[in-house]
Amino acid sequence: MKTRGWFFLSVLLLAGCATPYSTEKNFWSFGMGFDVIAVSEDTWHISFVGNDFTDRAIAHKYALRKAAELAQNAGYPYFTLSDEQLHVDNKGSHATYSERKDKKWDYGYGNTSTTSETTIMVTAKGYHQAPKTDAMVYQSAFILRSVTVE
């Protein structure tokens with residue numbers, strides 16, 4: 001019984017925090033965190049899913065920093081972001097509990113909860129030289145110095 005109590009306490013503590021930057025999507029992260037797909041040598045699709053405590057600004061900052069890391073690690077001092085999609089989706093669940101009393105069913109109580117997920121998807125493209133474009137051009141090294149994540 002004590003083990004079950006500690007398990008639920010640890011789940012509650014973990015659920016009370018924003019999804020950290022270092023989280024990679026997998027079974028153990030409950031679908032939260034980063035997923036990066038390289039679509040060419042200089043282009044990546046980046047997606048990040050955060051929990052209730054991850055707001056849009058944090059999700060955008062995470063994606064910007066991840067793009068800078070990918071570009072710099074691939075040898076690109078500049079990068080652009082395109083096709084950005086940022087969503088906050090609400091998900092609800094409802095559970096109804098029933099008991100059998102005197103050969104009748106009692107449907108007197110239930111539980112409803114709503115959670116939200118902040119999702120950002122963006123395409124990052126690296127460049128050896130700053131491109132002449134109307135899109136915002138970022139410097140990888142500057143973003144890595146100035147955009148901090150916890």
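pLDDT is the predictor's confidence in each residue, from 0 to 100.

**Figure 1. Confidence across the predicted model.** This model is predicted. Its mean pLDDT is 79, and 65% of the residues reach 70 or more. Over residues 6–15, pLDDT stays under 50. The model has two contacts beyond four places in sequence for residues 6–15. Where pLDDT is low, the predicted coordinates should not be read in detail.

**Figure 2. The largest nonpolar core.** This core has 22 residues. Ile46, Leu64, Phe79, Leu81 and Ile143 have the most contacts inside it. Strands S2 (43–50), S3 (78–101) and S4 (104–127) and helix H2 (56–73) each supply at least two core residues. H2 gives the largest share, eight residues. Beyond four places in sequence, the contacts of Ile46 include Phe34, Ala63, Leu70 and Val122.

**Figure 3. The Phe34–Phe48 pair.** The structure holds five aromatic pairs. In this one, the ring centres of Phe34 and Phe48 are 4.8 Å apart and the planes meet at 55°, so the pair is tilted. Phe34 lies in strand S1 (residues 33–40) and Phe48 in strand S2, so the pair ties together parts 14 residues apart in sequence. Phe34 is buried at 4% relative accessibility, and Phe48 is buried at 0%. Together with Tyr62, Phe34 and Phe48 form one aromatic cluster. The charged end of Lys66 sits over the Phe34 ring, 4.6 Å from its centre.

**Figure 4. The Trp44–Tyr76 pair.** The ring centres of Trp44 and Tyr76 are 6.4 Å apart, with planes at 70°, so the pair is edge-to-face. Trp44 is in strand S2, and Tyr76 is in the loop between H2 and S3, 32 residues apart. Trp44 is buried at 6% relative accessibility. Tyr76 is buried at 10%.

Methods:
Residues numbered from 1 in each chain as written. Predicted model: local features only at pLDDT ≥ 70, side-chain atom pairs only at ≥ 80, totals over all residues. Heavy atoms only, no water. Contact = heavy atoms within 4.5 Å. Core = buried A, V, L, I, M, F, W, Y, C linked by side-chain atoms within 4.5 Å. Buried < 20%, exposed > 50% of the residue type's maximum accessible area, 1.4 Å probe, protein only. Helix = DSSP H or I, 4+ residues; strand = E, 2+ residues; numbered from the N terminus. Phe/Tyr/Trp six-rings, centres within 6.5 Å; stacked < 30°, edge-to-face > 60°. Lys NZ or Arg CZ within 6 Å of the ring centre and 35° of its normal.
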